[in-house]
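Dear colleague, here are some notes to read with the structure open beside you. Do follow along in your viewer as you go.

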Amino acid sequence: MVRAQDLVSQVLTRHYKATSCQAYMATWQAEDEPTDDTSVTLTLLGEPEVVELPSPALEPQLVIMVFTIAAAEHPDKHGLLISGNLHIRTPKGHKTTMATKKRITKAALQALEQRASTASSGASQPTAPVIVLTGDVNLDKSASDTIVQKEAGEPSVETQWQVLTSNAALSGDVLFIKGAFG
């Protein structure tokens, strides 16, 4: 049994933390307490949560991690980061349709929004939580945009998902983000 923190401690300074769940590992730079007026701390709240998503043939799972973010210059306030990792695997010999990938990804985004709303109750953050979805959803940017496109209204960082892609822009190289500029 390998612990994520043991791996990180062997190669990074003591300020790095790590956790793993399923096939996902998160590593972040974290201070136990702010060290100067510009420092920021990131703290994992609880254990990663596994959410089963509907799709019998693919068995997709979403791993959600909730972090608090605190800045030394605002000791009485904190924000939230809701991080989700999703991998839509395609079993050998099974053709997964675009509609199925979109449905699963949309369900993951809704699960993250739901988790953000429960994590936010009673929190002292001045803005909405930041929510991100990473992993490999096997969709390109164009297909991902269609999942989150609003029908009407003014675009808003706090209320609307953005889709970003890597420079290579390969299928699956997308990041969904809400609550911050990506």
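Predicted model: local features only at pLDDT ≥ 70, side-chain atom pairs only at ≥ 80, totals over all residues.

1. Now for the overall layout. The chain holds 3 helices and 8 strands, and reading from the N terminus the elements follow the pattern α-β-β-β-β-β-α-β-α-β-β. Of its 182 residues, 40% are buried. If you take contacts between residues at least 6 apart in sequence, 56% of them link residues at least 24 apart. The exposed surface comes to about 10600 Å², with carbon and sulfur atoms supplying 52% of it.

2. The sheet deserves a slow look. It is an open one, built from 6 strands in the order S3-S4-S5-S6-S8-S7, and its pairing is mixed. At the edges sit S3 (40–52) and S7 (162–165), each of which pairs on one side only. From one strand to the next, the twist averages 20°.

3. Moving through the sheet, S4 and S5 run antiparallel and are joined by 8 bridges; here Val66 stands opposite Ile82 of S5. Further along, S6 and S8 are also joined, by 3 bridges, and run antiparallel. In that pairing Val132 stands opposite Ile177 of S8.

4. Why can S5 be called largely enclosed by the rest of the structure? The reason is that 8 of its 9 residues are buried. On the helix side, H2 lies across S3, S4, S5, S6 and S8, and runs at about 155° to S5. H3, for its part, lies across S7 and S8, at about 170° to S7.

5. The largest nonpolar core has 29 residues, and those touching the most other members are Leu53, Leu62, Ile82, Leu86, Leu112, Leu133 and Phe176. Two or more residues each come from S4 (61–71), S5 (79–87), H2 (98–120), S6 (130–136), H3 (141–148) and S8 (174–178). H2 gives the largest share, with 8 residues. There is also a second, separate core of 13 residues, which includes Tyr24, Met65, Leu81 and Ile177.

6. Beyond its neighbours within four places in sequence, Leu133 is in contact with Leu62, Gly84, Asn85, Leu86, Thr105, Ala108, Leu109, Leu112, Val174, Leu175 and Phe176. Among these partners, Leu62, Leu86, Leu112 and Phe176 are listed with Leu133 as residues of the largest core that touch the most other members.

7. Two loop residues are worth a check. Leaving aside neighbours within four places in sequence, its contacts are Leu58, Thr90 and Lys101.

8. The other is Asn138, in the loop between S6 and H3. Although Asn138 is not a glycine, its phi is positive, at about 60°. Most residues other than glycine have a negative phi.

Notes
Residues numbered from 1 in each chain as written. Heavy atoms only, no water. Core = buried A, V, L, I, M, F, W, Y, C linked by side-chain atoms within 4.5 Å. Buried < 20%, exposed > 50% of the residue type's maximum accessible area, 1.4 Å probe, protein only. Helix = DSSP H or I, 4+ residues; strand = E, 2+ residues; numbered from the N terminus. Contact = heavy atoms within 4.5 Å. Areas by Shrake-Rupley, 256 points an atom, 1.4 Å probe, with all protein chains shown as cover. Pairing = 2+ DSSP bridges. Axes fitted to C-alpha atoms, helices over the stretch in contact; angles between N-to-C directions.
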